[in-house]
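Look at the model below and keep the sequence beside it.

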Amino acid sequence: MRADPDDYAEAVLDTVERIPPGRVLAYGDVAEMVGSGGPRQVGRVMSLYGGGVPWWRVIRADGSPPQGHEVSALKEYRAEGTPLRPDGRRVDMRRARWDGR
């Protein structure tokens, strides 16, 4: 049985919910917006509690989708019009990274 999310997890999930369709943040970007933790802590929150938020919008800094969820994430990116790299397997971070505004 999983415990309810703590304040840090709630802050991460709130940040992820604010990412607009077609935009993404790297795990480290989310930690920076929250003001604490790092990519691993954000990844842990997402693995435990991320199912109810647009999890596919939180990716690795190199534009790779969440590990183990590549097929589902790529479907979401295409549906939302998220800019992809020419290989079609990674997000173009330069064009798709959300600035928080």
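What follows starts with the ground rules and then moves from the core to the helix contacts.

This is a predicted model, in which local features need pLDDT of at least 70, side-chain atom pairs count only at pLDDT 80 or more, and totals for chains, interfaces and linings use all residues. Residues are numbered from 1 along each chain as its sequence is written, and side-chain values use heavy atoms, with hydrogens and water left out.

Begin with the inside. A nonpolar core here is a set of buried Ala, Val, Leu, Ile, Met, Phe, Trp, Tyr and Cys residues joined through side-chain atoms within 4.5 Å. Buried means under 20% relative accessible area, exposed means over 50%, and partly exposed lies in between, with a 1.4 Å probe and protein chains only. The largest nonpolar core has 16 residues, and those touching the most other members are Val12, Val16, Val42, Met46 and Val58. At least two core residues come from each of α1 (7–18), α2 (27–34) and α3 (39–49). Helices (H or I, at least four residues) and strands (E, at least two) are DSSP runs, numbered from the N terminus. The biggest share of this core, five residues, comes from α1. A second, separate core has 10 residues, among them Trp56, Ile59, Leu74 and Val91.

Which residues does Val12 touch, not counting those up to four places away in sequence? They are Val30, Val34, Val42, Val45 and Met46. Contact means heavy atoms within 4.5 Å.

Now take the helices in pairs. The axes of α1 and α2 come within 10 Å and cross at roughly 115 degrees, which means that α1 is roughly perpendicular to α2. Axes are lines fitted to C-alpha atoms, for helices over the stretch in contact, and angles run from 0 to 180 degrees between N-to-C directions. Angles under 35 degrees count as roughly parallel, over 145 as roughly antiparallel, 65 to 115 as roughly perpendicular and the rest as oblique. On the α1 side, Tyr8, Ala11, Val12 and Thr15 meet Val30, Ala31, Met33 and Val34 of α2. Seven of the residues in this contact are nonpolar, one is polar and none is charged. In this count Ala, Val, Leu, Ile, Met, Phe, Trp, Tyr, Cys and Pro are nonpolar, Asp, Glu, Lys and Arg are charged, and the others, Gly among them, are polar.

For α2 and α3, the axes come within 8 Å and cross at roughly 95 degrees, so α2 is roughly perpendicular to α3. Tyr27, Gly28, Val30 and Ala31 of α2 make this contact with Pro39, Val42, Gly43 and Met46 of α3. Its residues divide into six nonpolar, two polar and no charged.

The axes of α1 and α3 come within 10 Å and cross at roughly 85 degrees, so α1 is roughly perpendicular to α3. Here Tyr8, Ala9, Val12, Leu13 and Val16 of α1 meet Gln41, Val42, Val45, Met46 and Tyr49 of α3. Nine of these residues are nonpolar, one is polar and none is charged.

Return to α2, where Tyr27, Asp29, Val30 and Ala31 are buried. The buried residues of α2 pack against α1, β1 (25–26), α3, β2 (58–59) and α5 (93–96). Just after α2, Gly35 has a positive phi of about 95 degrees.

Is Ala3 buried or exposed? Ala3 is exposed, because its relative accessible area is 54%.
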